[in-house]
Amino acid sequence: MFANSVSAWLQRRGIHYGWVVAAITFLTMLTMSAALGLPGAMLQPLGKEFGWSTEQISSALALRFALFGLMGPFAAVLMERWGLRAVICTGLALVGLGMALVTMASQLWQLFLLWSLMLGLGTGLTALVLGAVVANRWFVARRGLVVGMLTASAATGQLAFLPLAAWMIEHWGWRSAIVPVVIGTVLIALLAFTLMRDRPSDVGLLPFGEKPPAPGTPPAAPAAPAVAMNFATPFRVLKEVSTNRTFLILAGTFFICGLSTNGLVQTHFISLCGDFGMAAVPAASVLAMMGAFDFVGTILSGWLSDRYDNRKLLFWYYGLRGLSLFWLPHSEFTIYGLGLFAMFYGLDWIATVPPTVKLAGAEFGPAKVGMVFGWVFAAHQLGAATAAYGAGFVRTLLLTYTPALYAAGAACLVAAVVVLAIRRPAKAAPTIAAAAARA
């Protein structure tokens with residue numbers, strides 16, 4: 001097989017095939033998040049062309065966020081049963097088709113069908129759960145860094161493409177901005193079909209960082225067979241962890257994370273800037289600046305999560321985000337004011353993900369972390385859906401987004417305090433091999 005040949009070629013050069021899998025995952029999440037973030041640049045153009053209110057369009061985007069998140073636990077089942085390649089290609093096909101067909105839409109129900117249903121389900125198949133599964137299957141060392149890189153791709157795709165999209169919308173109409181995303185889904189699907197593999201054993205490798213047994217040591221006991229999964233499994237796992245304090249805190253604070261990021265700022269920022277007289281292209285450029293800071297901040301967060309108390313990291317991330325949201329209405333929407341906001345807000349846009357994944361993995365173990373994080377991520381997207389609709393409703397009712405910004409900022413400060421109540425993860429017990437080596 002082609003993947004095996006590539007793996008052998010890389011192995012001779014000291015490169016683990018896990019980095020190829022991580023790169024394909026990075027590109028997939030980048031492209032899918034670009035598709036997810038693009039509708040935020042189209043609130044005003046769609047309203048002008050079809051006469052839809054901000055609340056009506058926000059309703060479709062809110063349902064998209066909810067489906068995007070609720071697919072997470074079931075995406076973990078699909079990945080286990082049909083493999084990463086099949087799930088990735090299916091998700092890319094749904095998103096590419098949904099984005100292409102929306103150029104012919106003229107009724108609000110069509111927007112719900114294409115952007116809420118197809119885009120929500122397609123992106124949900126390749127959401128942050130995919131990154132968590134890839135990191136836990138393919139990496140033992142550098143796992144936090146890999147989660148940070150994959151998470152950064154999700155935020156960067158949502159934000160970095162927006163200036164180009166806004167420019168294309170301004171010069172050629174909103175339909176033109178969809179073309180690069182559709183082309184991207186086709187190219188990444190071809191790449192994933194050719195090179196993506198489920199586990200290191202598929203190409204004859206151990207996970208990156210896992211050491212083979214030393215010569216002369218007895219062979220390890222065979223691994224237990226994987227637990228058979230079906231579509232009732234996520235609900236069983238949810239019932240099992242629903243009384244766990246760590247799960248409840250992670251899910252609750254991640255709800256606030258979604259409430260204060262993609263549901264609010266990603267969806268409504270360009271419209272918010274328009275209320276203060278800023279054109280779409282400069283506003284999208286500020287979002288791209290946030291994406292650049294987030295790319296650095298999230299990778300740095302992954303590095304920090306391998307070395308420091310993840311609870312304290314989350315305390316600082318949520319606290320700084322809350323303060324930045326309080327600052328935004330008073331920034332006067334100047335380049336200086338928005339630049340200051342973009343720096344502080346962007347650095348921890350979704351820097352919360354690596355510590356959250358690490359805390360979930362420490363509490364529930366690698367066998368369950370994909371499913372459990374799927375439910376935690378579902379809470380994130382329900383928070384995003386709440387903000388996407390709620391901020392649109394507030395804007396329609398009060399003609400201002402300020403109350404929504406204050407509410408999200410206050411929620412972040414609550415999350416910063418609550419996250420410290422998570423139990424400190426126990427240090428891993430020494431393995432039998434390690435104990436024998438010390439004896």
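Colleague: What makes helix 12 and helix 17 roughly antiparallel to each other?

Modeller: Their axes cross at roughly 165 degrees and come within 10 Å. Angles over 145 degrees count as roughly antiparallel. Helix 12 and helix 17 are therefore roughly antiparallel. Axes here are lines fitted to C-alpha atoms over the stretch in contact, with angles from 0 to 180 degrees between N-to-C directions.

This is a predicted model, where local features need pLDDT of at least 70, side-chain atom pairs count only at pLDDT 80 or more, and totals for chains, interfaces and linings use all residues. Residues are numbered from 1 along each chain, and side-chain values use heavy atoms, without hydrogens and water.

Colleague: Which residues in helix 12 and helix 17 meet?

Modeller: Thr246, Phe247, Leu250 and Phe254 in helix 12 meet Val353, Thr356, Leu359, Ala360, Glu363 and Phe364 in helix 17. Contact means heavy atoms within 4.5 Å. By class, seven of these residues are nonpolar, two polar and one charged.

Colleague: Why does threonine 185 count as buried?

Modeller: Buried means under 20% relative accessible area (1.4 Å probe, protein chains only). Threonine 185 has 3% relative accessibility, so it counts as buried. Threonine 185 lies in helix 10, residues 179-195. It touches Thr31, Leu92, Val95 and Gly96, leaving out residues up to four places away in sequence.

Colleague: What radius of gyration would a compact globule with 439 residues have?

Modeller: Near 22 Å; the protein has 22 Å, which agrees. The rule is 2.2 Å times the number of residues to the power 0.38, and the radius is taken over C-alpha atoms. Buried residues make up 55% of the 439.

Technical notes
Helix = DSSP H or I, 4+ residues; strand = E, 2+ residues; numbered from the N terminus. Buried < 20%, exposed > 50% of the residue type's maximum accessible area, 1.4 Å probe, protein only. Parallel < 35°, antiparallel > 145°, perpendicular 65-115°, else oblique. Nonpolar A, V, L, I, M, F, W, Y, C, P; charged D, E, K, R; others polar.
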